[in-house]
Amino acid sequence: MRIRYAPGLMVLFGITVSAFQLNSDNPVLKKQSVAISNKCLTCHAGIEEIKDPGSSMMDGIREVASDAGYEENTCIVCHGGNPEATDNTTAHKGTLSYFQENDGPKDFYPDPGSPWINLNTCGYCHEAQTRPQFTSLMFTEAGKIQGTGWGFGGLNGYNHNQANYDVDELPVDNQQGSKIYLQYMKKLKAAEPQIFPGMMKQLPPAPTPEEIAKDPQLAAYTYIRQECQRCHTGNQGRKSPGDYRGMGCSACHIPYSTEGYYEGKDSSISRKEPGHVLVHSLQATRECAVTIHDKTYSGIPVRTCVTCHNRGRRIGTSFMGLLETAYKSPFMPDGNVQEQVFTKNYIHLHADIHKDNGMLCQDCHTSLDIHSSGVLAGTTLAPIEIECQDCHGTPQKFPWELPIGFGDEVTGDLPATGEARGVADEIAEYSAEGTLFDAEEGYLLSARGNPLPHVVKKGDVVIIHTAGGKDIVLFPLKTLLQKKKLSSEGIVAMDNVKGHIDRMECYACHDNWAPQCYGCHLKVDYSKNEFRTDWTANGNDHAPNGLTADARGESNHHLIPGRVEEQQSYILFENPPLAVNGEHRVSVSVPGCQTTVSIIGKDKKPLLLNHIFRIPNVEGAGPEGQLASDMAILHPHTVSKQARSCESCHDDPKALGYGIEQGSLMADPSKPYNIDLTSADGTLLPDNSKAQINSIPNLDHDWSRFVSEEGTQLQTVGHHFTGERPLNQDERMRISREGVCSSCHQSIPDKDPAISLLSHVREVAAIPVSNAMHLSLLHRAIIVTAWIEVIAPVLIVSVILFLFLRKRYLRKKHL
């Protein structure tokens, strides 16, 4: 199935119409002479309005219903069905002939947000958001497919042209964004064609056990289809705590709780059966208020996004401060172990500072980030148009003084240069359907040139109007520097060392922890005659009412053989290593798919065991191949005002890619280990013994080590953008200051009274810290030390000689 588009048109209950035809002159709607009351409430009495009754959106829904002759029944505008029925057997059948001329009945839509029918429902008013949905990365999941295939030996190389479905990029005339943005994206597509393929085809089918016996590498497609693709918006996904959600638009805009229970006032909906909406209301922007148990909120809760963004790069759980753990402590109130969410257990670290300050994911990520602009993008960095500097600027420039592309230098010109981007007087039409805010002195622009509709300039400060209802006054870095509000550490890092601002991501320092799941041990077992859901095939099986097989309770129609099991070697969170990302900036890196593959055949015999594939002729390797164990380069979303320490990069070999303690603590993983009786010289004593820790044949170093001190790359580092790589030899040499700082700073500022007094005087006198001052201090200290080293021996000898001569003189005088 190939998804195509009809430019400028949408469908309402099966009839193609122009967008926003919401008036009585619309020939598509057949006006009834008498309005009929809402008979849906015969069963669904007390159900919540989908939107605030006084909102403009609800007025539009009523107008559509009124034009159809059912002014009191707004349910049918989204759900369809038979508005004249009084029982659910006939009410939930398609009899919507009153919505079109000369056409037959249309379906009842249980989930109006389903992407397979939402052009008939949501798209009637929100065409700008629904038309490009099939090009969204949340629909194609092309990056996951390419990345998983990479761990199995680079099945599709660097190409990102496989997706859940066949899909074409929108024609250029129908792509959304400002002229600056569209021109910018044209350059990006030319620079990274493997990321922006223009069209994608559905990934290969899952293999049979017989095919696996001939080519175990094909097990990648069992793994991808069973485990990786359940989150795409073309289906509802797994039904377990944390995973409950709708499809398409409903995946984000309808609230589901972690436990999945309905807590509204419709008595016909079970409160004991999980899998229902929390409340029958839309969540979206600031004006879209949702009330539950007398509590009202606006915006899309972070927890909604984390329904899907909880594995892989784990940015959603990290944003909440959740770190995956193998342990189930502490014990719960009933004495049982910790309950799992997203099928995982967690410990709680500090959350991202943006979350702690009441910001939601949508307060940074734009409509085009999420819904797509119509451009097919193959990995997470590709559609993201925002950078930290878009709001914070730099200590030298306000956001509006920066050029377009600053912080997003995918094309390799670092740092971006050009005219100041300025601000916009108006917002784009596609973003005007949300809450509108006064422009003040202008809307700030994203790094790619689109107006940010909720972020405005007011003097030298930035006002961020959040979806959750806050109006945050943000002082850009330049304002903080001018007002002397930056710490001395901040001045040194951001103002004195220009390379930090020009060549690093802000979060390379300010994400001071990141989930590091080292070693992904993956087993696909075809011997147990077990079958699991193929989520891609499930999404392709959608009925006329928009429901996929899983939503219809028929997911057993798309079962594929093979049981997937995942394990890790170890998990860390502190001081993640550094690498260079697709924007050519130094960034955080964590284990991506460090895949060690074991495949068990139908006959119960291992076809592959703890095997790491090699990919020939990539990332510094020749025909022998580079290990397809990958370090991913990302923004972990754990921002803190307190940045990681200078020493955590400049005095730690792990930061450079050399591994934890340069890999010296880990025994050779390519050798098995028996936990049994041995002699003093290590000879195994029992004959009846076996290795408890098995070998990983082609891994002879710690997982955390991905480059050697000589510059030899040991694993792949990023496999999406051409700019992704480990730090090169020059960068590592310039960053490494091992032992240099500690020679002085082990006693600064509080372990030596004289230095402590000097530091206190500087603070009281408000003497600014600068690189020049630091160099001057070092220069004076060295000169003084040198003179002391030269003069001290002379003084000591002189004093001794003086004392000796004086003693002789006194003795003679006495005599």
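Is Lys498 buried or exposed? Select Lys498: its relative accessibility is 56%, so Lys498 counts as exposed. Exposed means over 50% relative accessible area, buried under 20%, and partly exposed in between, with a 1.4 Å probe and protein chains only.

Before moving on, note that this is a predicted model: local features need pLDDT of at least 70, side-chain atom pairs count only at pLDDT 80 or more, and totals for chains, interfaces and linings use all residues. Residues are numbered from 1 along each chain as its sequence is written, and side-chain values use heavy atoms, with hydrogens and water left out.

**Stop 1: around Lys498**

Show helix α18, residues 498-503; Lys498 is found there. Helices (H or I, at least four residues) and strands (E, at least two) are DSSP runs, numbered from the N terminus. Lys498 and Pro395 are 103 residues apart in sequence, with 10.0 Å in space from C-alpha to C-alpha.

**Stop 2: Glu227**

Go to the loop between α9 (219-226) and α10 (250-253), where Glu227 lies. Glu227 counts as buried because its relative accessibility is 19%. Next, select Arg311, Val564 and Glu566. Glu227 is in contact with these residues, leaving aside its neighbours within four places in sequence. Contact means heavy atoms within 4.5 Å.

**Stop 3: an open sheet**

Colour four strands in the order β11-β12-β13-β14; they form an open sheet with antiparallel pairing. Two strands pair if DSSP finds at least two bridges between them. At the edges are β11 (443-445) and β14 (471-474), each pairing on one side only. Neighbouring strands of this sheet are turned by 40° against each other on average, direction ignored. Zoom in on β13 (residues 461-465). Four bridges join β13 to β14. Pick His465, and you find Asp471 of β14 opposite.

**Stop 4: the largest cavity**

How many cavities of 30 Å³ or more are there? The count comes to four. On a 1 Å grid over the protein atoms alone, a cavity is a set of points where a 1.4 Å probe fits but cannot get out; lining residues have an atom within 4 Å of a point. The largest cavity has a volume of about 100 Å³. Select Leu368, Ser372, Val375, Ala377 and Pro383: of the 13 lining residues, these are the closest to its centre. Then show α7 (179-191) and α14 (367-371), the elements that give two or more residues to the lining. α14 gives the most, with three residues.

How values were computed:
Axes fitted to C-alpha atoms, helices over the stretch in contact; angles between N-to-C directions. 1 Å grid on protein atoms, 1.4 Å probe; cavity = no way out; pocket = protein on both sides within 12 Å on 5 of 7 lines; lining within 4 Å. Points joined across faces, edges and corners; volume = space filled by probe spheres on them.
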